[in-house]
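Thanks for coming, everyone. I'll walk through one structure, stop by stop.

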Amino acid sequence: MTETASSIITGVSAPLAGGRLVIDLDALAENYRALKLLSGAAETAAVVKADAYGLGIAPVAKTLCAEGARRFFVALPDEGAALRDVLPDAEIFVLNGLFGEEAAGIYREKRLYPVLNSQSDLSTWEAHGYDTDHPRPCALHVDTGMNRLGLTFERAEALARENALTGAITPLVVMSHLAAADSPAHPLNGKQLESFQRVRSLFPECDSSLCNSAGIFLGGEFLGELTRPGIALYGGAAVNDVDNPMRPVVTAESRIAQVRMVKAGETVSYGGATVARDTIVAVCSTGYADGYHRSASGALVPLRDASQTPGACGFIHGVQVPLLGRVTMDLTLFDVTELGPDAVHVGEYIELFGPNMPIDDVAKAAGTIAYELLTSLGRRYHRHYVGGAL
């Protein structure tokens, strides 16, 4: 990874931090371009909710805007307000809809577009929305099988008739959300597409949007007029059981605080994991308070049962090193014995995930998904952004 003149540093200063994140904005830009190509004629928006999946909304959004993204999706109005301060001219959609009449003011002040998910949302927006070139701009979300948020088909059908007469709101986008696109052969994908096409026909003046990251890889009729990639932008695998074509965007590393020798038969960390040989242990200065989950912990020795997995690994000096014992709040132990004595030193870093330790592999070892690892990244890291258009 090459540092550029646009490189910036945020978070805890390097000498004081137990871990560091290197966020490659050039890789982010490349991922956006790849997803835009896969989206064909459809416009490619960007999902930057949860502080851009934990990577920082300002540098991420500026980079994506420089690549041509003009529409952005966040989850909450507060996130939309923060994004508006970064991108004065973007179209910003708030996925979780309206939080009642008292929240409508922030949409007006920051020119946010709510994604209307319910009759309550519709009524509130009709009464308290704002006018631009058109009355009360918004997006409509219709449920097609996920049963999370969204209008029913029947309510959408009634709304199409009513709004054609009254023009009370101006839907810019009609959307739904795929529940199983990460498994391309799942029968629900086709059922949702069929349902969405019926919805789409009710609002011919709107852009249609069905595809999340995984949906983009389904291609064809799924693409509509607008795609909404999220995890794939940030380097995570969108589709199960295939090679991930996206570039890793973030490298998470933990600083070694101590190197110690543990003799065979002695125990390490909470719960007393027993080492079977003389072991060189690197004690690293991040833990579950930093988003490195306790569930990534190494197995107790002997194993409690045959199904127990050995836990995650780190990477240092070209070698994968296994996590040893339980991850604690501020510290994690790695077995660096195979590197030999005096090979690792206090102050060096072990890669937790990144180009040598794919984030999806680490997430699987922790019994979770890349989304959760990214959005759990704590505030105690030294953050170093490289590349991009900042």
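Start at glutamate 225, in the loop between helix H9 (213-218) and strand E11 (226-227). Helices here are DSSP runs of H or I with at least four residues, strands are E runs of at least two, and numbering goes from the N terminus. A word on the source: this is a predicted model, where local features need pLDDT of at least 70 and side-chain atom pairs count only at pLDDT 80 or more, while totals for chains, interfaces and linings use all residues. Residues are numbered from 1 along each chain as its sequence is written, and side-chain values use heavy atoms, with hydrogens and water left out.

Back to glutamate 225. Leave aside neighbours within four places in sequence, and glutamate 225 is in contact with Ala42, Glu43, Arg200, Cys206, Asp207 and Ser208. Contact means heavy atoms within 4.5 Å.

Now jump to phenylalanine 334. Phenylalanine 334 belongs to strand E18 (residues 332-335), which is covered on both faces. Thr332 and Phe334 are buried on one side, Leu333 and Asp335 on the other. Two strands pair if DSSP finds at least two bridges between them. Strand E15 (residues 279-284) runs antiparallel to E18, with four bridges. There, cysteine 284 stands opposite threonine 332. Strand E17 (residues 319-324) is also antiparallel to E18, with two bridges. Leucine 323 faces phenylalanine 334 in that pairing, standing opposite.

Next, the open sheet. Seven strands pair in parallel, in the order E4-E5-E6-E7-E8-E9-E10. E4 and strand E10 (207-209) are at the edges with a single partner strand each, so one side of each has no neighbour in the sheet. Inside that order, five bridges join E8 (residues 137-141) to E9 (residues 170-175). Histidine 141 has methionine 175 as its bridge partner in E9.

How many cavities of 30 Å³ or more does a search of the whole structure find? One. On a 1 Å grid over the protein atoms alone, a cavity is a set of points where a 1.4 Å probe fits but cannot get out, and lining residues have an atom within 4 Å of a point. Points are joined across faces, edges and corners, and volume is the space filled by probe spheres set on them. Among the lining residues are His141, Asp143, Met146, Ser176 and Gln192.

Most residues other than glycine have a negative phi. Asparagine 147 has a positive phi of about 55°. It sits in the loop between E8 and helix H7 (153-166), and at 68% relative accessibility it counts as exposed. Alanine 52 also has a positive phi of about 55°. Its place is in helix H2, and at 0% relative accessibility it counts as buried.

Key. On a 1 Å grid over the protein atoms alone, a cavity is a set of points where a 1.4 Å probe fits but cannot get out, and a pocket is an open set with protein on both sides within 12 Å along at least five of seven lines; lining residues have an atom within 4 Å of a point. Buried means under 20% relative accessible area, exposed over 50%, partly exposed in between (1.4 Å probe, protein chains only).
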